[in-house]
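Thanks for coming. I have one structure to go through, and I will keep to a few sites.

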Amino acid sequence: MTIREHTEEIEERTLHPRACRSVRTRGRLRPLREDDLRTCFQRDRDRIIHSKAFRRLKHKTQVFLAPKGDHYRTRLTHVLEVSQIARTIARALRLNEDLTEAIALGHDLGHTPFGHAGEAVLKEIHPGGFDHFEQSLRVVDVLERGGQGLNLTHEVRDGIVKHSKGKGLIMPEKVEEMPVTLEGMVVRVSDVIAYVNHDLDDALRAGIIRKADIPGEIAKVIGSRYGRRIDTMVRDAVGTTIGAGYGRVGMSDETVEAVYRLRDFLFDRVYESEGIRAEFQKAKGILRALYEYGLSDAGGDVYGDVPSGEADRHRLVCDSIAGMTDRFALMTYERLFLPQQWSVL
Ligand code: MG
């Protein structure tokens, strides 16, 4: 018996009957010989962590553009916080922690530079539209490893593409929008738990809002301190899922209501506030200029061998811009469009 088979046997004995067992994966896009140490989901997690797209998350915006302060979240720390929360919930529910971790670490690989400002620009210019969750799947299926993709399992890919909700429901009503595994649902819930809490924390740090601004009824349900708020939501998700007999992962009506109110408060006072909006407009201008440059005859300078077909060219430019970090986009813009200063010799 290999070590992997031993791990699979432990999963069989210890996980909840509704958990997704590694041996029952629907498999990969291309067949791959099994590893003798790691289960398929452990292997997917490792492939994600070793990818270039994962490393770039460190220089991508969460809310604040290319933040100079050391303590603001970036897309990378967001993903790590989602992973921590999701693993805590998965472990408490006896779900597959490795699958949960792989989905959590991979869910935002397709995020653009400058956060949602980047997503909005690509949606507007790219003829096929743009969504970061579809792009995350494209990164792992196609773009990584020089066009080969990471060849991940069906369950990890499904969790990645179905993590997103934007301003929509935390748990969708349509079955086809719901992740096929409970582990995927755990990540979907954990993503919102992570971001409403850390974005609130960062906005307080930046002085965009004050503690006294947070509506009292939100604090009454989920607590007034950062750690307490996360703890309340995590416990609620675990308790509600067990109480519902594992039919689906979710939070109680009261907590969900408080989370929606907190999210609305953040949209109103932070994401769509005057200060942030002004910076977003500048960021959009930069990405539009980089996109147009890619379509021009000079585009090869930044985007390499640009194909002659229009749709292919759009695809290449869109993928390249989506993959850029905030600082790479700023540097490229500066090089292309700003006069260089004379340096003292
Ligand atoms: Mg996320």
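Is C20 buried or exposed? C20 is buried, at a relative accessible area of 12%. Keep in mind throughout that this is a predicted model.

Staying with the cysteines, the count of disulfides here is 0. C20 takes part in none, and the nearest cysteine sulfur to its own belongs to C40, 7.6 Å away. Seen from C40, the closest cysteine sulfur is in C20, and 7.6 Å is too far for a bond, because a disulfide needs the two sulfur atoms within 2.5 Å. C40 also counts as buried, with 7% relative accessibility.

Next, the metal. Which residues coordinate the magnesium ion? They are H78 and H107, each through NE2, and D108 and D191, each through OD, at 2.2 to 2.5 Å. Along the chain, the donors follow the spacing H-x28-H-D-x82-D. H78 sits in helix α4, while D108 is in the loop between α5 (97–106) and α6 (115–125), so this pair ties together parts 30 residues apart in sequence. H78 and D108 are both buried.

Q62 is in the loop between α3 (52–56) and α4 (75–92), and it is buried, with a relative accessible area of 7%.

Definitions and conventions:
Residues numbered from 1 in each chain as written. Predicted model: local features only at pLDDT ≥ 70, side-chain atom pairs only at ≥ 80, totals over all residues. Heavy atoms only, no water. Helix = DSSP H or I, 4+ residues; strand = E, 2+ residues; numbered from the N terminus. Buried < 20%, exposed > 50% of the residue type's maximum accessible area, 1.4 Å probe, protein only. Donors = N, O, S within 2.8 Å, 3.2 Å for Na, K, Ca; no water.
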